[in-house]
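Visitor: Could you pick one part of this model and walk me through it up close? I'd like to see how it connects to the rest.

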Amino acid sequence: MNRALLVIDVQQSFRELPSWAQVSAPDIAERIKPLVEHARAVGHKVVWVLHSEPGSDTPFDPASGHVHLLPGLEPADGEPVLHKTSHNAFTTTNLGQLLTQWGIGGVDVAGIRTEQCVETTARLASDLGHDVRFVVDATATHPLRTADGTREIPADEVIERTAAALHGRFASVVTVAEVLAT
């Protein structure tokens with residue numbers, strides 16, 4: 001099966017936020033790099049996705065200069081860098097068309113915010129018929145507040161709950177080591 005690695009929002013914008021001090025994996029770029037090298041070595045496509053909020057006056061506004069990949073990550077020639085304005089990587093980009101054009105049947109999904117853009121992309125990829133592998137230890141997030149605001153949910157618990165919600169329903173939850181072994 002032809003596969004693609006989707007690297008979601010591993011961008012400087014997040015480092016500019018105060019919440020970066022609480023991120024679950026400050027080394028996220030180093031966690032992603034072996035996946036990228038492996039994908040290239042076995043002939044899988046690599047797609048880079050960046051979140052953009054034009055006119056927002058935030059680190060996600062392209063005018064801020066922070067909407068770029070974290071240091072250590074660099075697209076190779078021919079690897080698309082897509083800019084999205086929605087949570088998932090499909091709705092506001094041509095990702096679906098690219099995957100169809102390339103004959104991709106499966107995607108490996110990794111990146112920043114485990115329960116937000118990475119999970120949403122994984123769910124939509126599944127709905128579109130792709131075999132999805134959610135590379136859980138190549139995702140990162142921050143603690144969340146409960147809906148009533150009374151409790152903080154630690155990042156590791158957010159990741160665990162996200163993995164439980166996805167596994168066997170929308171994706172196979174795997175580790176970097178498991179992907180590298182394929």
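Guide: Let's start with Glu-157, which counts as partly exposed because its relative accessibility is 22% (buried is under 20% relative accessible area, exposed over 50%, partly exposed in between, with a 1.4 Å probe and protein chains only). Keep in mind that this is a predicted model, where local features need pLDDT of at least 70, side-chain atom pairs count only at pLDDT 80 or more, and totals for chains, interfaces and linings use all residues. Residues are numbered from 1 along each chain as its sequence is written, and side-chain values use heavy atoms, with hydrogens and water left out.

Glu-157 forms a salt bridge with Arg-151, the closest N and O atoms being 3.9 Å apart; the criterion is a side-chain nitrogen of Lys or Arg within 4 Å of a carboxyl oxygen of Asp or Glu. Arg-151 is also partly exposed, with a relative accessible area of 37%.

Now for helix H5, residues 155-166. Helices (H or I, at least four residues) and strands (E, at least two) are DSSP runs, numbered from the N terminus. H5 has 12 residues and reaches 17 Å from its first C-alpha to its last, close to the 16 Å expected at 1.5 Å a residue (that is, 1.5 Å times one less than the number of residues). Its buried residues are Ala-155, Val-158, Ile-159, Thr-162, Ala-163 and Leu-166. They all sit on the same side of H5, because they cover an arc of only 130° around the axis, taken from the directions from the helix axis to the C-beta atoms. Just after H5, Gly-168 takes a positive phi of about 80°.

From that cover, follow strand E5 to its charged pairing. Arg-3 forms a salt bridge with Asp-131, the closest N and O atoms being 2.8 Å apart. Arg-3 lies in strand E1 and Asp-131 in strand E5, so this pair ties together parts that are 128 residues apart in sequence. Arg-3 counts as buried at 8% relative accessibility, while Asp-131, at 33%, counts as partly exposed. Arg-3 pairs with Asp-108 too, at 2.9 Å between the closest N and O atoms. Asp-108 is in strand E4, so here the parts tied together are 105 residues apart in sequence. Asp-108 is buried. A search of the whole structure finds 10 salt bridges.

Of its 29 residues, Val-7, Val-10, Ile-28, Ile-32, Leu-35 and Val-135 touch the most other members. H2 brings the largest share, 6 residues.

Terms used:
A nonpolar core is a set of buried Ala, Val, Leu, Ile, Met, Phe, Trp, Tyr and Cys residues joined through side-chain atoms within 4.5 Å.
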